[in-house]
Amino acid sequence: MMADSAVTVVITSSGVAGHETEFREFQQELRSAASRFAGFLSYEVIEPSPPVQRAWVVIQRFESTTHALGWLQSDARRNILDSVIPALTSMDNICLFHENSKVSRAGAVSVLISTKVKDGRESDFNRWREEMFRVQAGFPGYLGCRWEPPIPGVQEWTAIIQFDSDANLEYWLNSDARKSILEQADMIENESDAQKLRGGFEEWFASDREKGFTPAWKQNHLVLLSLYPIVMLEIIFLDPLLGWIQRPPLTFLANAVSVALLSWPLIPLTEKAFGWWLHPAHSGHRLRTEASGVFLLCVLYTGLVMFFWFLASHVHFTGPAKP
């Protein structure tokens, strides 16, 4: 039985040529439906990035295998898939990765491979995998490999292999050593075409498994909470003080200041202050925690608007006149 830990579902699809707009809309519908399922954490669509990554990659995160399978095998998902044209339903691979380990390196390139093993040959396959590990580890640029076992009706044996560059990955995929090992794999019934993915694992998984993933809508609220005071202070004080500067460079200067202050110290401080809400404990009080966070944000938003409304009406700053 698989460990009941957080799970990343990676789906690749290359059969959407000419239907890119429909595919994006289709993914929006799937994202909306998935977000209503228990255990949902996040949903991301990564568009192709030729020549390295030619497939669309959909990354879905759930709290456990049970939650992920609940969504993947649900009537809600099946009904959405059945409602779209066939070109949008030709998913090449569905792969589940458990967050008990990861490999990461900036600028890395990964390849996703699904393998169907003949019935009764699992022991031979495991010995063959060990040999594959040993040989590929000796190739330049090799960073690591992960295998995930089959899930009936969802995936076959799935490997994701990472190298530090596309050139080194191609060297391994086309090497005589790999071809020789594949020729020895009489226990394999079928191996899918390799799907290359730009980047490694680091953008797929939370940096802190104890905290879990931060939903995008929560991150957006913290940005708004931090950004609004900066913008208002710039309007009230910076604009009059530097009113002699033309609007385009003045706007650029204001934006640069805003971005710098958001990066440090405002967002780190805000994340720390709202840590209890960003990553609520998985308990019976989670709904209360979520509601408390939203209520507090509403109070803070209201307070900030009223404060700057008062400040703007009572501060009369006269800066240098425009030439």
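Visitor: Let's start with helix α5, residues 166-173. Which residues in this helix are buried?

Guide: N168, L169, W172 and L173 are buried in α5. Bear in mind that this is a predicted model.

Visitor: Where do they sit around the axis of α5?

Guide: They cover an arc of only 135° around the axis, so they lie on the same side of α5. An α-helix has 3.6 residues a turn, so residues three or four places apart point the same way.

Visitor: Next, helix pairs. How is a packed pair described?

Guide: Two numbers describe it: the angle between the helix axes and the distance between those axes. Take helix α4, residues 122-136, and helix α6, residues 176-183. They pack at an angle of about 175°. Their axes are 11 Å apart.

Visitor: How are α4 and α6 oriented to each other, roughly parallel or roughly antiparallel?

Guide: Angles over 145 degrees count as roughly antiparallel. So α4 and α6 are roughly antiparallel to each other.

Visitor: Which residues meet between α4 and α6?

Guide: From α4 come W128, E131, M132 and V135. From α6 come A177, I181 and L182. By class, this contact of α4 with α6 has six nonpolar residues, no polar ones and one charged residue.

Visitor: Let me zoom in on one member. What does V154 touch, leaving out residues up to four places away in sequence?

Guide: V154 touches L69, L72, Q73, I94 and L96.

Visitor: Zoom out. How many helices and strands does the protein have?

Guide: The secondary structure comes to 10 helices and nine strands. The protein has 323 residues, and 42% of them count as buried.

Visitor: What share of the contacts joins residues at least 24 apart in sequence?

Guide: Start from contacts between residues at least 6 apart in sequence. Of those, 74% join residues at least 24 apart.

Visitor: Show me single residues. Where is H221?

Guide: H221 is in helix α7, residues 216-241. H221 has 28% relative accessibility, so it counts as partly exposed. Beyond its neighbours within four places in sequence, H221 is in contact with L297 and Y301. H221 and L297 are 76 residues apart in sequence, yet 8.0 Å apart in space, C-alpha to C-alpha.

Visitor: And L238, buried or exposed?

Guide: L238 also lies in helix α7. Its relative accessible area is 19%, so L238 is buried. The cut-off is under 20%. Setting aside neighbours within four places in sequence, L238 is in contact with L233 and A254. L238 and A254 are 16 residues apart along the chain, and their C-alpha atoms are separated by 8.1 Å.

Visitor: Last one. Which helix holds E22?

Guide: E22 is in α1. E22 itself is partly exposed, with a relative accessible area of 35%. E22 and V84 are 62 residues apart in sequence and 8.8 Å apart in space, C-alpha to C-alpha.

How values were computed: Residues are numbered from 1 along each chain as its sequence is written. This is a predicted model: local features need pLDDT of at least 70, side-chain atom pairs count only at pLDDT 80 or more; totals for chains, interfaces and linings use all residues. Side-chain values use heavy atoms; hydrogens and water are left out. Contact means heavy atoms within 4.5 Å. Buried means under 20% relative accessible area, exposed over 50%, partly exposed in between (1.4 Å probe, protein chains only). Helices (H or I, at least four residues) and strands (E, at least two) are DSSP runs, numbered from the N terminus. The arc is that of the directions from the helix axis to the C-beta atoms. Axes are lines fitted to C-alpha atoms, for helices over the stretch in contact, and angles run from 0 to 180 degrees between N-to-C directions. Angles under 35 degrees count as roughly parallel, over 145 as roughly antiparallel, 65 to 115 as roughly perpendicular and the rest as oblique. Ala, Val, Leu, Ile, Met, Phe, Trp, Tyr, Cys and Pro count as nonpolar, Asp, Glu, Lys and Arg as charged, and the others, Gly among them, as polar.
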